[in-house]
Amino acid sequence: MSLTEHKITVDSLEWFYRESSPIGRTDLLPVVLLHGLVSQSYSWRNILPALANQGTRAIAPDWIGYGFSQMPEKRDFAYTPDAFITALEGFIQALEIERFSLVVQGFLGSVGLQYALRHPEQIANIAILNTPISTTAKLPWKIKQMGLPLAGEVMTQDPLLVDRTLEGGSRYRIEDKDLDVYRKPFLKTSAVGRALLASIRNLQLEQAMTEIESGFKQWQQPILIQWGMIDPWLSIDIAQNFADSVPNAELIKLNNVGHYPQEHYHKTILEDLLPFIRRSQSN
C-alpha cells in the first residue's frame with residue numbers, strides 16, 4: 001500500500017500531510033494520527049499503510065511549524081494549544097472528515113486529546129501512545145531546556161537536537177536514512193527552530209493536563225492506551241492511573257519500548273491497534 005504526500009492550504013496556513021488510502025470502497029471511518037515534539041508525520045510511516053491495508057483511510061499531518069508544514073512566525077501563529085486546535089479544526093474540515101478514529105503520541109499529541117474533548121461528536125475512538133495525560137506529567141528536561149532564554153534560541157537551531165531527542169526518548173538508535181528526513185526541515189530553514197521554541201514556551205502543560213484529566217472521566221468512547229515501559233519521560237503510573245479513571249479504556253504495556261513506540265515497534269503496536277480500530281468502528 002503506497003504512502004502519498006500532500007499539501008493543503010487552510011485559513012492561510014499550509015499543511016503537509018502523509019496519507020495511505022485503501023483500495024476500493026470501505027465502510028470504515030478514517031484515522032487521523034498526530035505526532036509529538038520534536039517529531040513529524042514521518043514517524044507514522046509504518047503505521048499508515050497497515051491501516052490502509054485493512055480498509056481504513058489513514059492521514060498523518062505535520063503540525064503547523066513542524067516537518068514540512070508551514071512555519072509561521074509567532075506573531076502570525078501563537079503556538080498555544082488553542083492555536084493548534086483551531087488550526088486542526090480547519091484541517092479536518094478541509095479534508096471533509098466528519099467522524100474519525102484519533103491516534104496520538106507524545107508532547108503535542110496531548111493537543112489532539114484536547115481537540116477530542118472539545119469535539120466529542122467527531123471522535124469514534126482514541127488510541128494513546130506515550131502522551132502526557134495527567135497533572136503529574138512534566139515536560140522533560142531534555143525538551144524543557146530548548147525553551148530556556150538564550151540557550152533555547154541556540155539549541156533549537158541545531159539539527160542534531162532531533163537525533164538526540166528522538167534517540168534519547170526512544171532509547172534506541174534510529175537509522176541515518178530516517179534521521180535525514182527528521183533533520184531536513186532544520187537544515188532548510190531557521191523557522192522550524194523558532195516554531196519549536198515557541199511551541200515549548202507556550203505548551204501550557206499544566207492547564208492542558210487539568211483539562212484532559214478531568215474531561216476524560218466522563219468520556220464514553222473506547223480508548224486504547226499503548227505504553228512504552230522504558231519511556232524516560234512519562235512513567236507507566238501515568239498511564240495506569242488514567243486507565244483506571246476512564247470508563248472505557250484498555251491499557252497495553254509494551255516492554256522494552258520507549259517514548260516513541262511507533263519508531264521501532266510498529267509491528268507490536270499494530271497487533272492491538274488494527275483490531276481496536278475495526279472493532280470500535282463496527283459497533
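Me: How many bridges join β3 to β4?

Reply: Keep in mind that this is a predicted model. β3 and β4 run parallel, and in one of the pairings V32 has I59 in β4 as its bridge partner. The chain gets from β3 to β4 through helix α1 (residues 48-53), a right-handed β-α-β crossover. As for the bridges that join β3 to β4, the count is two.

Me: And what is the strand order in the sheet of eight strands?

Reply: The sheet is open, with mixed pairing. Its edge strands are β1 (4-10) and β8 (249-254), each pairing on one side only. Neighbouring strands are turned by 20° against each other on average, direction ignored. Read across, the order is β1-β2-β4-β3-β5-β6-β7-β8.

Me: Do β2 and β4 pair in the parallel or the antiparallel sense?

Reply: Strand β2 spans residues 13-20, and four bridges link this strand with β4. In this pairing E19 stands opposite I59. The sense is antiparallel.

Me: Which residues of β4 are buried on the side away from A58 and A60?

Reply: β4 is covered on both faces. A58 and A60 are buried on one side. The buried pair on the other is I59 and P61.

Me: Is S20 buried or exposed?

Reply: S20 lies in strand β2, and its side chain reaches the backbone oxygen of S2 at 3.2 Å. S20 and G55 are 35 residues apart in sequence, with 9.9 Å between their C-alpha atoms. The relative accessible area of S20 is 0%, and the cut-off is under 20%, so S20 counts as buried.

Me: Which backbone atom does the side chain of S69 reach, and at what distance?

Reply: S69 is found in the loop between β4 (58-61) and α2 (81-94). Its relative accessible area is 4%, which makes S69 buried. Leaving aside neighbours within four places in sequence, S69 is in contact with E14, W15, F16, D62, W63 and I64. Its side chain reaches the backbone nitrogen of F16, at 2.8 Å.

Me: How far apart are the end C-alpha atoms of α2?

Reply: α2 has 14 residues, and at 1.5 Å a residue they should span 20 Å. Its buried residues include P81, F84, L88 and F91, and just after the helix E96 takes a positive phi of about 60°.

Me: Which peptide bond is cis, with omega near -15°?

Reply: Look in the loop between β3 and α1, where V38 is found. The cis bond runs from L37 to V38.

Me: What is the relative accessible area of L150?

Reply: L150 lies in the loop between α4 (141-144) and α5 (151-155). Its phi is positive, about 65°, although L150 is not a glycine. L150 is exposed, with a relative accessible area of 70%.

Me: Last one: is R171 buried or partly exposed?

Reply: R171 is found in the loop between α6 (160-170) and α7 (176-188). Its phi is near 65°, a positive value in a residue other than glycine. With a relative accessible area of 48%, R171 is partly exposed.

How values were computed
Residues are numbered from 1 along each chain as its sequence is written. This is a predicted model: local features need pLDDT of at least 70, side-chain atom pairs count only at pLDDT 80 or more; totals for chains, interfaces and linings use all residues. Side-chain values use heavy atoms; hydrogens and water are left out. Two strands pair if DSSP finds at least two bridges between them. Axes are lines fitted to C-alpha atoms, for helices over the stretch in contact, and angles run from 0 to 180 degrees between N-to-C directions. Buried means under 20% relative accessible area, exposed over 50%, partly exposed in between (1.4 Å probe, protein chains only). A polar contact is a pair of N or O atoms within 3.5 Å; within protein, one must be able to donate a hydrogen and the other to accept it, and residues adjacent in sequence count only if both atoms are side-chain atoms. Contact means heavy atoms within 4.5 Å. A crossover is right-handed if, with the strands pointing away from the viewer, the path from the first strand over the helix to the second runs clockwise. The expected span of a helix is 1.5 Å times one less than its number of residues.
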